[in-house]
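Subject: Structure for your review

Dear colleague,

Please find the structure below, with my notes after it.

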Amino acid sequence: MQRQDIDTSLFPVAGFPPVRWRVARHLVPYDSAVETMEREAGAIARGEADELVWLVEHPPLYTAGTSADPADLVSPYRFPVFSTGRGGEYTYHGPGQRVVYVMLDLKRRRPDVRAFVAGLEAVVIDALASMNVRGERREDRVGVWVRRPDRPPLPDGSPAEDKIAAIGIRLRRWVSFHGFSLNVDPDLEHFSGIVPCGIRGYGVTSLVDLGLPVMTSDVDMRIRTAFERTFGPTIPDRD
């Protein structure tokens, strides 16, 4: 079932500075990324820095959100495992996956967590649509999903679906951090070490798996365009 439409209008008020847009040029260690996000989010909350979106790739690793079930960590020694304060359960990050960390001041924009998550989903769905991929929301599953009519239906008769983007956020003083990850061309076998997001019975896919041999740089441009449609203008920022 698709989630009912949620108003995702989170445009800035008059005079709100553009969001800084930063793209990491090298793999970023996860603990370093968290440290940077916490520092940036703190500065944003204090009014010492403008909002920031930071696009990164990580070395192969698993993260455990606040709702993670230890039973869902199938291969605990395969890659490093990081406990994190974001919502959600286990996720995989690795090369070929675009991770988008979103640090926005929701107190100044709109203090509505549900609408914010729907806004992030809208960004992903919009970016996918620009590549002729239909991404969809689901009422009972956070993230973005694609239907797979080329595969047998599920045991209950519903169509097969794969997850192409995961979402997990955290708020501190109404400033967001963490964000979403979109699978461009990661090693999908690496997801077998966990039950992704604690959801069984569904697969994981990527743009390349769907037959789109796209470059991450091209995906980045599409994400940026989609982000600006929902959250407002951006400005380049140094890595």
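Predicted model: local features only at pLDDT ≥ 70, side-chain atom pairs only at ≥ 80, totals over all residues.

Residues are numbered from 1 along each chain as its sequence is written, and side-chain values use heavy atoms, with hydrogens and water left out.

Helix pair

Helices (H or I, at least four residues) and strands (E, at least two) are DSSP runs, numbered from the N terminus. Helix 3 (residues 113–129) packs against helix 4 (residues 216–231) at an angle of about 140 degrees, and their axes are 8 Å apart. Axes here are lines fitted to C-alpha atoms, for helices over the stretch in contact, and angles run from 0 to 180 degrees between N-to-C directions. Helix 3 and helix 4 are therefore oblique to each other; angles under 35 degrees count as roughly parallel, over 145 as roughly antiparallel, 65 to 115 as roughly perpendicular and the rest as oblique.

On the helix 3 side the contact (heavy atoms within 4.5 Å) is made by F116, G119, L120, A122, V123, D126 and A127. Helix 4 contributes R222, I223, A226, F227, R229, T230 and F231. By class, nine residues in this contact are nonpolar, two polar and three charged. Ala, Val, Leu, Ile, Met, Phe, Trp, Tyr, Cys and Pro count as nonpolar, Asp, Glu, Lys and Arg as charged, and the others, Gly among them, as polar.

Aromatic contacts

The structure holds ten aromatic pairs. Rings of Phe, Tyr and Trp (its six-membered ring) pair if their centres lie within 6.5 Å; planes under 30 degrees apart count as stacked, over 60 as edge-to-face and the rest as tilted. F79 and Y92 form a tilted pair, with 6.0 Å centre to centre and 40 degrees between the planes. F79 is in the loop between strand 3 (61–64) and strand 4 (81–83), and Y92 is in strand 5 (residues 90–93), 13 residues apart. Both F79 and Y92 are buried, where buried means under 20% relative accessible area, exposed over 50% and partly exposed in between (1.4 Å probe, protein chains only).

One aromatic cluster is formed by W21, F116, F227 and F231. F116 of helix 3 and F227 and F231 of helix 4 also take part in the helix contact.

Single residues

E40, in helix 1 (residues 30–45), is buried at a relative accessible area of 11%. Leaving aside neighbours within four places in sequence, E40 is in contact with R20, R22, A49, L52 and M103. E40 and F177 are 137 residues apart in sequence, with 9.0 Å between their C-alpha atoms.

Most residues other than glycine have a negative phi. N132 has a positive phi, near 65 degrees, and H178 also has a phi near 65 degrees. N132 lies in the loop between helix 3 and strand 7 (136–138) and is exposed, with a relative accessible area of 75%. H178 is in strand 10 (residues 175–183) and is buried, at 3% relative accessibility.

G135 is found in the loop between helix 3 and strand 7 and is buried, at 9% relative accessibility. Not counting residues up to four places away in sequence, G135 touches I125, L128, V144, W145 and V146.

Regards
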